[in-house]
Amino acid sequence: MREFAYLRAADVAEAVELAGPQGKYLAGGTNLFDLMREEVERPERVVDISRLPLSAIEPLPGGGLRLGALARNAHVAADDRVRRRYPVLARALLKGASPQLRNRATVGGNLVQRTRCRYFYDLTAACNKREPGAGCDALGGFNRTHAILGASPNCVAVHPSDMCVALAALDATVNLTGPDGERSVPVTGFHLLPGGTPHVETVLRNGDLITSVDLPPERPWHGDYVKVRDRASYAFALVSLAVLLDVRHGRTVAARIALGGVAHKPWRAYSAEEQLVGAAADEAAFDRAAAAAVAEARPLDHNAFKAELARRLVRRTLVELAGQS
Amino acid sequence: MSGHIPVRLHVNGQAHDLSLDPRVTLLDCLREHLGLTGTKKGCDQGACGACTVLADGERINSCLTPAVQCDGMEIVTIEAMANDELGTRVQDAFLAHDGLQCGYCTSGQICSVVAMLAEHRAGRPSAVTEDLTGPAPLTDVEIRERMAGNLCRCGAYNGIVAAIREVTRT
Ligand SMILES: Cc1cc2nc3c(=O)[nH]c(=O)nc-3n(C[C@H](O)[C@H](O)[C@H](O)COP(=O)(O)OP(=O)(O)OC[C@H]3O[C@@H](n4cnc5c(N)ncnc54)[C@H](O)[C@@H]3O)c2cc1C
Ligand code: SF4
Ligand code: FES
Ligand code: FES
């Protein structure tokens, strides 16, 4: 690991000031410290934010819930309000990583965690994300775990988070504080597609600090989070899925579908949602929606299975949720 | 440039005032600086659980935790389990049920079990908990999922589950 200046911030304003445009925030460290050890990340300044008072989970006026950026993944998943009102989020968190990791991992760190692309971690491989302009060894390499949607010839990596897929389905909002003050962005616009700049992964700029994530007031959804991986637990998703469905008198009134493990960001399948809303909640509609979810898929040499897997997962989950309505 | 950072660690009830390079993990600090070699290094990247210790009562991977972040925390390692009533029962049950073969993962497993039982008592759910609104009975499926963060290359899993079941019965 390279040497770095280790700084502790007493409050949010000081953290932003200490970080400056190049500094890195250290929350649980489960991703950043690992990448620093591999020398994929080589920050000169590391600002430890783990003691900032940002770990509360608080009700919002109007009925939503605010998750502090430093709330641990395990604590969010165990919170009674999350379990009762946002079970899709509790389930997504519980299917991520391991109990030990979830005790350290934070809301903010989970949002900003980086891809698990093997070539990104391998300093001898060409990777545009690690070194802009170097090329992408995953394109012609072993790309079984890579993207089928929204990728570019510059990068085919996927975002590895489970939590973010549930947040995308819930239409959560990310609250930030930067050198120019506070702002909020929808979580669906927080992560970026790779395009020509795969090293730019989120809208965070110049030391922006995530302070919290807001969940909107609950709705009468039936929802679920489904994750398919190479072993039953403690593995990243090959494909994952968050679905929220509101069916009344046999018609779909509202639907949200987000896919994980398929793109550089949690992928909202808006065209699939459009197939459902206003239509009869029957298998024909679910088939159309499942097909629409992967209609734009562009598989690589080794990951064509992901499109079919995603299609079947969407269909099966819709059938199950409609059965509960 | 890293410089050394003053850190006070409470390990197994004893305070240590250290001056640490911020690159040192809690795992290396325990093993190399404090001579507590019961905690093991398997993968050094959060993927196996051999390095599991308790920090302020919660199980964590000490290989991914910078020691400077543990300033002021209470750390409990396998070395303290001999003086802990539950820890001793878990150790005895591992012996009685062949919950190990080579033993490399065992100290992490045992720390993990002690914390897992506390999490369960506190009502925390797991990925296999069907009803998120109530307490989950500690079935074998629950035990396996709640212990998924500790791999065992010798495959002693059946013995480990049997040991945990015995501890929860008594
Ligand atoms: C073996 C292993 C298996 C895993 N499996 C899964 C899995 O199945 N599913 C899954 O979703 N995740 C998985 N993870 C990833 C894990 O969820 C992340 O490492 C964790 O969520 C990161 O949180 P952290 O607080 O430790 O972040 P850190 O490592 O501290 O930080 C990560 C990044 O976020 C930035 N950051 C942190 N907080 C803020 C903030 N408030 N504002 C701005 N930037 C911030 C940091 O600067 C850094 O760039 C796994 C990790 C490991 C090691
Ligand atoms: S897919 Fe992206 S992260 Fe992986 S090697 Fe290519 S550029 Fe790097
Ligand atoms: S050594 Fe820490 S998880 Fe493997
Ligand atoms: S007993 Fe050998 S690794 Fe578990």
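A residue counts as near a molecule if one of its heavy atoms lies within 4 Å of it. The views below come from a predicted model.

**View 1. Ligand 1 sits between chains A and B.** The ligand is surrounded by 38 residues. Tyr25(A), Thr30(A), Leu32(A), Thr106(A) and Asp162(A) are the closest of them. By type, the shell around ligand 1 holds 19 nonpolar, 14 polar and five charged residues.

**View 2. Backbone atoms of chain A lie beside oxygen atoms of ligand 1.** A polar backbone atom of Leu32(A) is 2.7 Å from an oxygen atom of the ligand. For Gly28(A), a backbone N or O atom is 2.9 Å from a ligand oxygen atom, and for Ala235(A) the corresponding distance is 3.3 Å. Ligand 1 taken alone exposes 980 Å², of which the protein buries 97%.

**View 3. Elements of chain A contribute to the shell around ligand 1.** Two or more residues each come from β2 (24-26), α7 (107-112) and β8 (209-215) of chain A. The largest share, four residues, is given by α7(A).

**View 4. Helix α3 of chain B covers residues 106-121.** How many of the 16 residues of α3(B) are buried? The count is 13, so the helix is mostly covered, where buried means under 20% relative accessible area. At 1.5 Å a residue, the 16 residues of this helix should span 22 Å, and the end C-alpha atoms are 23 Å apart, which agrees. Just after α3(B), Gly123(B) has a positive phi of about 85 degrees.

Technical notes: Residues numbered from 1 in each chain as written. Chains lettered and ligands numbered in written order. Predicted model: local features only at pLDDT ≥ 70, side-chain atom pairs only at ≥ 80, totals over all residues. Heavy atoms only, no water. Polar contact = N/O pair within 3.5 Å; in protein donor to acceptor, adjacent residues only side chain to side chain. Areas by Shrake-Rupley, 256 points an atom, 1.4 Å probe, with all protein chains shown as cover. Nonpolar A, V, L, I, M, F, W, Y, C, P; charged D, E, K, R; others polar. Expected span 1.5 Å × (residues − 1). Buried < 20%, exposed > 50% of the residue type's maximum accessible area, 1.4 Å probe, protein only.
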